[in-house]
Amino acid sequence: MLTFPQGTDGKPDPTVVRLDAPDRGRVLDHFLALDGDARLLRFGMSYSDDAVRRYVQRLDFAGDLLLGWINPFRELAGVVQLARIDDRAVEFSISIARSWRGRGHGQDFTEMALAAAGRHGYGLA
């Protein structure tokens, strides 16, 4: 498990964990809580709640790498997905809960997720 250093306010920053099939409900809740702009950034198009539900139902936790950013309140504050396109390429996607945006957390989470991806056998170009 990866952990962030102490925050400047003295509280622990979020922790990065690998998400598995039993976490599907938490991932769904996280994606459903994203506003329209965040969904557009995450999915590359505007997704309705029904489209989000179908997407989450099809997630391949065994074949893809999904990482969760767990905040100090044990809530899923962010999700990174590395979805395999073929043997040499993956698609990287990230979403951050509204309350954690705008403070550099997305960049921190991206860096931690890419480091974790390397430990899971994903190479960076």
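Biologist: So is Asp35 buried, exposed or partly exposed?
Modeller: Asp35 is partly exposed, because its relative accessible area is 22%. Buried means under 20% relative accessible area, exposed over 50%, and partly exposed in between, with a 1.4 Å probe and protein chains only. Keep in mind that this is a predicted model: local features need pLDDT of at least 70, side-chain atom pairs count only at pLDDT 80 or more, and totals for chains, interfaces and linings use all residues. Residues are numbered from 1 along each chain as its sequence is written, and side-chain values use heavy atoms, with hydrogens and water left out.

Biologist: Okay, which residue forms a salt bridge with Asp35, with the closest N and O atoms 1.9 Å apart?
Modeller: That's Arg98. A salt bridge here is a side-chain nitrogen of Lys or Arg within 4 Å of a carboxyl oxygen of Asp or Glu. Asp35 sits in the loop between α1 (24-33) and α2 (36-43), while Arg98 is in the loop between β5 (90-96) and α4 (105-119), 63 residues apart. Helices (H or I, at least four residues) and strands (E, at least two) are DSSP runs, numbered from the N terminus.

Biologist: Why do such side chains pair at all?
Modeller: Side chains of opposite charge can pair when their charged atoms come close.

Biologist: And what does Arg101 do with Asp35?
Modeller: Arg101 forms a salt bridge with Asp35 too, with the closest N and O atoms 3.6 Å apart. Arg101 lies in the loop between β5 and α4 and Asp35 in the loop between α1 and α2, so this pair ties together parts 66 residues apart in sequence. Arg101 counts as partly exposed because its relative accessibility is 30%, and Arg98 counts as exposed at 57%.

Biologist: How many salt bridges does the structure hold?
Modeller: Four. One of them joins Asp49 and Arg39, with the closest N and O atoms 2.7 Å apart. Asp49 lies in helix α3 (residues 49-57) and Arg39 in helix α2, so that pair ties together parts ten residues apart in sequence. Arg39 counts as buried at 7% relative accessibility, whereas Asp49 is partly exposed at 38%. Shared partners join Asp35, Arg98 and Arg101 into one network.

Biologist: Switching topic: how many residues are in the largest nonpolar core?
Modeller: It has 18 residues, and those with the most contacts inside it include Leu19, Val27, Phe31 and Tyr55. A nonpolar core is a set of buried Ala, Val, Leu, Ile, Met, Phe, Trp, Tyr and Cys residues joined through side-chain atoms within 4.5 Å. Helix α3 gives the largest share, four residues. A second, separate core of 15 residues includes Ile96, Trp100, Phe109 and Ala117.

Biologist: What is Leu59 in contact with?
Modeller: Leaving aside neighbours within four places in sequence, Leu59 is in contact with Arg24, Val27, Leu66 and Gln81. Contact means heavy atoms within 4.5 Å.

Biologist: Last one. Where's Asn71?
Modeller: Asn71 is in the loop between β3 (65-70) and β4 (76-84), and it counts as buried because its relative accessibility is 3%. Its side chain makes a polar contact with the side chain of Glu75 at 2.8 Å. A polar contact is a pair of N or O atoms within 3.5 Å; within protein, one must be able to donate a hydrogen and the other to accept it, and residues adjacent in sequence count only if both atoms are side-chain atoms.
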